[in-house]
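Hi everyone, thanks for coming along this morning.

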Amino acid sequence: MRRPVKLAGLTSAGVKTLARKLTALVSVAVVVAAASSCSSTPEGAESKTLKIVYQKTDAFTALDAVMQDAKKEFEAANSAVTVELQPIQANDDDYGTKLALAQRSAETAPDVFYEDSFKVRSDVDAGYLLKLDGYLEKWDDWSVFNEAAKAAGRADDGGIYAVPLGTDTRAIWYNKAVFRNAGISLPWQPKSWEDILTAARAIKASDPTVIPFNMYAGKGTGEGTVMQGFYELLYGTDSTLYDEDEKKWVVGSQGFTDSLAFLKTLYDEKLAVSPAEALDPNVWKKVFGEWFPQGKLGATVEGSYTPSFWQKGGAYEWSGYEQDMAVATFPTRNGQDPGGVSMSGGWTLAVGAKSKNPDLAFKFLATALNKKNALSYDINNSQIAVRTDVASEADYLAANPFVKDVSDLVAVTHYRPATADYPRISTAVQVATEAVITGKQSPEDAAAEYDATVRKLVGEDKVLEK
Amino acid sequence: MTIRRSLRLLPVVPSILLLLVFLVAPVLWSFHASFTDASLSGKAAKDPQWVGTDNYVRMFSDDSFPAAAWLTVLFVVASAVLGQNILGLVIALLMTRSRRAVSQLVGTAVVAAWVLPEIVAAFAAYAYFNRDGTLNQMTGFLGAPGVDWLYSFPLVAIILANTWRGTAFSMLVYRAALADVPRDITESALMDGARGWQRLVFITLPLIRSSIATNLMLITLQTLAVFTLIWVMTAGGPANASTTLPVLAYQEAFKFGDIGYGTAVASVLILLGMVFGAIYVRLLREQRG
C-alpha cells in the first residue's frame, strides 16, 4: 500500500491527479488504521508484536535494564517484530496476581513473562505456561545451564516449562561495626540458635538503641517472613514443612513450635524490631535503606541479592557496605548436621501457552537469557548464576565481596514445596508468626491453629503427624 | 398509547444496556463463580468445577468470616451512621447561623477531603496516623507519648479516616435540606417559646427526615464498599483486626487466588447492601404515605 510517490516532472494536471490519489490514499489509510485498531490481532508478517511482562520497582530495575537491552538486540535481528515491554510496578505478591489475571484471557496474556519458580507447577496446571522441551533441544545454550537449576522450571509431567534467570540463597547479614562495639569477636559464626541470642543480648546490653538481630515475621512482609526467617529456623530443627517423599504436609511437629518460640524470645526481649514495625510491609526498606547503613541494626536474615540494594546504581547506594557488612551461615538449632541452613528461590522466564507467536517468543526468551544479558543481570541484581559460563566469569566473581560466601550456601539450601496449595500454607505460617510476636497466642496455641488450618486446607489424607 | 410509552423509554435504553453489561453481568458472574472452585492458578483455573454451596458452608464454619462481618457492621455504624451523618448534620446546622466567611472556610475544609481521590485521601490518612505521622507529632509537641494508631487502634483509625473523608457528603445533603425548611414554622415555634433543641427535635428534624433517610442509605452503601482506604492504611491488619468484608473478599480472591471463595464473600456483601437498601427504601415510602 505504501507506494512510492514520484514528485519529479509534475505538470499541473499531474498535480491534480496526485492530489486525488493522495486523498484516496489518505482515506484508505484512515479506514485501515481504524480497522486495525479494532482488531487485536494484526495480520501479516510485518506487524508481529511480542508482549513481555515482568516486574519493576524503584528497588528492582535490573531486569528492566536487561529487557530494554534484549528488546534492542531482538528488534535489530528481527526487523519485522515489535517487542512491547510491559513492566508491572508491584511487590511480588501483587505482581503474581496481576500476571495470573492477565493470563486468564488470550487477549491480555503475555508472550514472555517473569515467573517465580515456586509458582511454575501450579501455573502449568492452570495451563498458563508453554512446554519448552522442543525448543530447548535445539538451543545450544541450554547445555551450559547448571543441572540443579534446570529443575526450577520442571513440572509434574517431567517437562521443562521455564528457564531460570538466577537463583539465590539466604544468610545472616551482620554489621561488623555494631558487633565490634558489643565486644563480639569477628568474624562471627553462630553454631546454634543460642549463639544468636547470646550475641543479640550482648549488643542490646552495649547499646539499647540498636536493633540487635531482626527476623521478619507476620503477614506484612509476606513471603519474606517465611523465606528470610521462619524456614531458616524450621529447617534447622529435625522437622520440615512438607514431606517430599510422601507428598504430605507435616503437622504437630516440635520443630514448628520451637521455631515460633525462638521468634517469641527475639521479639519479647526486644532483640528484633517492635511488632508494629515488623507488620509494616515496607520494613525491609528500612533494613536496607536506613538501619544497616546507619549502624542501627546488628544483623538480619536476608537474601544473597542484598548487595544489589547497596552497590552503585542500587536503590540504597551505600559505599561502605563492602567494609562494614559480613555474611554468616544461619545455624541449625543445636549445631546438628549439616551445621547450616539456607533457603533458595529464584525467578524464571517462561512463554505463555496462549502466545500466538511461540517460536518468536522463545527466541526472545533466549535473547534475554544469553550470556551477555545473564551476566549483567546476575551482577546488577546480585544473583547466583545458573549459567556455568557466567559463573566462571571474572566480572561475576568480583561483582561484590560476598559472591563466594552466598554461593557456597547452595550446599545446605532448601527449596519451598512448589505445590498449588503452597501459597495458602505459607500464609498460615505467616499468621502463626504474627500471632506469636504480637503476643496474641503462645507458640503452642499458634502451632495448633496452624495444624488445624493445614488440615482444613489440604484435607486429612494429605497431612503427616510428626 | 403503548407505542408512545415505549418510545418514551428509548432514551434510557443505552444506559440500561450499559448497566446490564457492566453491573448486572459481573454481579451474576460473581454469583455463579461463588458456587465453583474457580481460582487464579492450579488445575481449577483451567477447568473450574461446580462445588455447590461448599464455599458458603466453609464461610460460616471459618472464624475469619463472622469476625469480618462484625467489623464491617461496626465500621459502617461508627463511621457512616454515627460519624458522617451526625457530624455532617451538626456542621450544616452550625453553618446556617455562622458568619458567611466562617461557613465558607469550614465548608471548603470539609469538602476538600471529599474532593480528593480515594487513594490520595488514603495516603493522607496513613501519613496522619502513622507512627511518625502528623497526629503523633502534634501530640508529641504537647508532651504526650506517641501511640502507634494503625497498629494499636486500627479500627478507630479507619473509622476516623472514613468519617473525615465522607462527612462532606452528609453536610452538603443537610445544607440543602435545611435551606428548604420554611422560616415561618421555625419562627412561630420561637414565638411559642420553643428552645433551640426543642425546635431542632420537633420542627427541623421531622421536616428533613426524608433527606436523613436518603443520606443514610447512600452513605451506608458507600461505606460498606470502602476498600482502598482500609487497604492503604492497614491492609486489614494487624492480624485481621481491620479486615472488613471487602478486604476479606479481595484477600481470598486475589492474594490466595481462591476466586470461588472470594466471590462468595462478595455475594454476601451484595446481599447485605440490598438488605440495608431495602430497609431505607421502606422507611422512605412509609414517610411519604
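Let's start with a pair of strands. In chain A, strand 5 (residues 170-175) and strand 9 (residues 297-303) are paired antiparallel over five bridges. Before I go on, please keep in mind that this is a predicted model: local features need pLDDT of at least 70, side-chain atom pairs count only at pLDDT 80 or more, and totals for chains, interfaces and linings use all residues. As for labels, residues are numbered from 1 along each chain as its sequence is written, while chains are lettered from A and ligands numbered from 1 in the order in which they are written.

Helices (H or I, at least four residues) and strands (E, at least two) are DSSP runs, numbered from the N terminus. Two strands pair if DSSP finds at least two bridges between them. Strands of a sheet pair through backbone hydrogen bonds, either parallel or antiparallel.

Back to our pair. Who sits opposite whom? Tyr174(A) has Ala299(A) of strand 9 as its bridge partner, and Ile172(A) stands opposite Val301(A), also in strand 9 of chain A. On strand 9 of chain A we also find strand 6 of chain A, paired in the parallel sense over three bridges. There, Asn214(A) has Thr300(A) as its bridge partner.

Now zoom out to the sheet. Four strands of chain A make an open sheet in the order 6-9-5-10, with mixed pairing. Why is one side of strand 6 (211-214) and of strand 10 (325-328) of chain A left without a neighbour in the sheet? Because these two stand at the edges, each with a single partner strand. From one strand to the next, the twist averages 25°. (For angles, axes are lines fitted to C-alpha atoms, for helices over the stretch in contact, and angles run from 0 to 180 degrees between N-to-C directions.)

Is strand 9 of chain A buried or exposed? Seven of its seven residues are buried, so strand 9 of chain A is largely enclosed by the rest of the structure. Buried here means that 20 or more other C-beta atoms, placed from the backbone, lie within 10 Å of the residue's own; 12 or fewer makes a residue exposed, and in between it is partly exposed. Over the 466 residues of chain A, 46% count as buried.

What packs on this sheet? Helix 8 (residues 193-206) of chain A touches strand 6 and strand 9 of chain A, and its direction makes about 155° with that of strand 6. Helix 9 of chain A lies across strand 5 and strand 9 of chain A, at about 95° to strand 9.

Stay with helix 9 for a moment. Helix 9 (residues 223-234) and helix 10 (residues 254-268) of chain A pack at about 130°, with their axes 8 Å apart. The two helices are therefore oblique to each other; angles under 35 degrees count as roughly parallel, over 145 as roughly antiparallel, 65 to 115 as roughly perpendicular, and the rest as oblique. On the helix 9 side of chain A, the contact uses Phe230(A), Leu233(A) and Leu234(A), which meet Gly255(A), Phe256(A), Ser259(A) and Phe262(A) in helix 10 of chain A. Contact means that the C-beta atoms of two residues, placed from the backbone, lie within 7 Å.

Chain A has a five-strand sheet to show you as well. This open sheet of chain A has the order 2-1-3-13-4 and mixed pairing. Its edge strands are strand 2 (81-88) and strand 4 (162-164) of chain A, each pairing on one side only. Strand 1 (residues 48-55) and strand 2 of chain A pair in the parallel sense over eight bridges, with Lys48(A) opposite Val81(A) of strand 2.

Lastly, where do the chains meet? In total, 22 residues of chain A are in contact with 17 residues of chain B. On the chain A side, helix 3 (92-103), helix 4 (120-125) and helix 20 (422-437) are the elements giving two or more residues. Helix 20 of chain A gives the most, with five residues. By class, the chain A side has eight nonpolar, six polar and eight charged residues. Ala, Val, Leu, Ile, Met, Phe, Trp, Tyr, Cys and Pro count as nonpolar, Asp, Glu, Lys and Arg as charged, and the others, Gly among them, as polar.
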